[in-house]
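Good morning, colleagues. Please have the sequence and the structure before you.

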Amino acid sequence: MRKDRLSILVLVALLVVAPMPLAAIEAVPLPTSKPLAGNAPDTPLPSVSAASVTPAAKPQAETETRTEAEADTEIGSDAEADCVPSVTQEKLPPNARTPASILEAVKSEADTASACEAELKALGVQFTPLDPIIAEGGCGIAYPVTLTALPGGVALSETATLSCPMAVGLAKWVKQTVAPLSKLYLQEPLTGIGISTSYQCRMRNGVTDAKLSEHAFANGLDVHFFEAGEAGRIPVIERNINYDKTASFQAAIRGAACAYFSTVLGPMTNAAHANHFHLDMRARNGGFRLCE
C-alpha cells in the first residue's frame, strides 16, 4: 500500500511551490492532573498526511560546535515559539525538512522503517503506524507512529506521536531501566508515565530564525511524572538525592536515559525544564550527547 501511494506523493511534491494547504493534526495536550503552571503548551502548526507509513525518518546530522551560545540555544525552553504559519521557502529554519526530502525518505527508508516497526512489536509496544507528516514550516517525518502503551502494559497519559527510533528508545528505557528501578527503589511496579509534548511543529526557542525543535520531527518527548503502584504518582521535580528513595529513583532513571537518548534535560538543567524531562534523539557529529 505504501508503494501504491508513492506516485501520489511525488505529484504532491511537484505541486509544492507555494505553502501547502494543510489538514489539522491533533495537538498533544499536557496531562491535566499534574502541576504545570508556567509551562503552557504550544499550539502546533497544522500538518498534512501524505502516504501510508511504518516507522521513522532519521534526523539529519549537524556539525557540533559546543560554544556557550550554542549550548544555551540547545537547552532553551521546549515550550517556546511555534513555527510561523505563513512561512515562505526563503524563511524556513536552517534545519527544515522540505516536502521533497520527506517523500524521498518514504522511498529510501522503507526497509529501515519496517525493521524498526518489527522491533517495536517485539518489545511489546502498543502502537499504530501513521501516514507521513508533511507540514508547512519545514516540520514533518516520513514514518511516524502513535504509541498508546509501553512494554509490560505501562500506560501513557496521552498518546504520543514519535519517530520509530525515538519510540524504540523510549520502550527500551522503560523496559530495561525505569520499570526495574521502580521495583528496586520504590518496591512497586511501574504502571504509567505522564507525558505532554511529542510531535509538535515549533522552533527550538523564541528566536524567529532559530532551528526547529526535535519535536518538529517527532523526535522528542516531554515526561512529567511516573505512576508506581502503591507509591502513587512521582512527579518530575528538583529533588535532593540524599533525601529519600523517590529522589534516588528519579536520579537513577535520569542517568540511565543518557544511554538511550542523545539529549536528556530536566530539573536542575534550567527553569524551563523544572517539572519534566525532555528526551530526544537529535543526531550530532561524533555521537555527541547532551545530558544535563
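The protein has six helices and twelve strands; helices (H or I, at least four residues) and strands (E, at least two) are DSSP runs, numbered from the N terminus. This is a predicted model, in which local features need pLDDT of at least 70 and side-chain atom pairs count only at pLDDT 80 or more, while totals for chains, interfaces and linings use all residues. Residues are numbered from 1 along each chain as its sequence is written, and side-chain values use heavy atoms, with hydrogens and water left out.

Of the 292 residues in the protein, 53% are buried. Buried here means under 20% relative accessible area, exposed means over 50%, and partly exposed lies in between, with a 1.4 Å probe and protein chains only. Among the contacts with a separation of 6 or more, 73% are between residues 24 or more positions apart; contact means heavy atoms within 4.5 Å.

Let me turn to the strands. Strand E5 (residues 144-150) and strand E6 (residues 154-163) run antiparallel and are joined by six bridges; two strands pair if DSSP finds at least two bridges between them. Opposite Leu147 stands Ala160 in E6. E5 and E6 form a hairpin with three residues between them, and Gly152 in the turn has a positive phi of about 80°.

E6 also pairs with strand E7 (residues 192-195), in the parallel sense and over two bridges. Leu156 has Ile193 in E7 as its bridge partner. From E6 the chain crosses through helix H5 (residues 164-186) to E7, and this β-α-β crossover is left-handed. As to the convention, a crossover is right-handed if, with the strands pointing away from the viewer, the path from the first strand over the helix to the second runs clockwise.

I come now to the aromatic rings. A pair of aromatic rings is described by the distance of the centres and the angle of the planes. Rings of Phe, Tyr and Trp (its six-membered ring) pair if their centres lie within 6.5 Å; planes under 30 degrees apart count as stacked, over 60 as edge-to-face and the rest as tilted. A search of the whole structure finds four such pairs.

How are the rings of Trp173 and Phe261 arranged? They are edge-to-face, 5.9 Å from centre to centre with 80° between the planes. Trp173 is in helix H5 and Phe261 in the loop between helix H6 (245-257) and strand E10 (263-265), so far as sequence goes 88 residues apart. Trp173 is buried at 0% relative accessibility, and Phe261 is buried with a relative accessible area of 0%.

The pair of Phe226 and Phe249 is edge-to-face because the ring centres are 5.9 Å apart and the planes stand at 85°. Phe226 lies in strand E8 (residues 220-227) and Phe249 in helix H6, so this pair ties together parts that are 23 residues apart in sequence. Phe226 is buried, at 2% relative accessible area, as is Phe249, at 1%. Ring pairs link Trp173, Phe226, Phe249, Phe261 and Phe277 into a cluster.

Two rings also carry a charge, in the sense that NZ of Lys or CZ of Arg is within 6 Å of the ring centre and within 35 degrees of the ring normal. The charged end of Arg97 sits over the ring of Phe217, 4.2 Å from its centre. Over the face of Phe225 lies Arg233, at 3.7 Å from the ring centre.

Next, the nonpolar cores. Such a core is a set of buried Ala, Val, Leu, Ile, Met, Phe, Trp, Tyr and Cys residues joined through side-chain atoms within 4.5 Å. The largest has 42 residues, and those with the most contacts inside it are Leu147, Leu170, Trp173, Ile193, Phe226, Phe261 and Leu279. At least two residues of this core come from each of helix H4 (110-123), E5, E6, H5, E7, E8, H6 and strand E11 (277-280). H5 gives the most, with eleven residues. Beyond its neighbours within four places in sequence, Leu147 is in contact with residues including Phe127, Leu156, Ala160 and Leu170. A second, separate core of twelve residues includes Ala96, Cys139, Met203 and Phe217.

Not counting residues up to four places away in sequence, Lys172 touches Glu119, Leu123, Thr177 and Tyr260.

Ser262 is found in the loop between H6 and E10 and counts as buried, at 9% relative accessibility. Ser262 and Leu290 are 28 residues apart in sequence, yet 6.1 Å apart in space, C-alpha to C-alpha.
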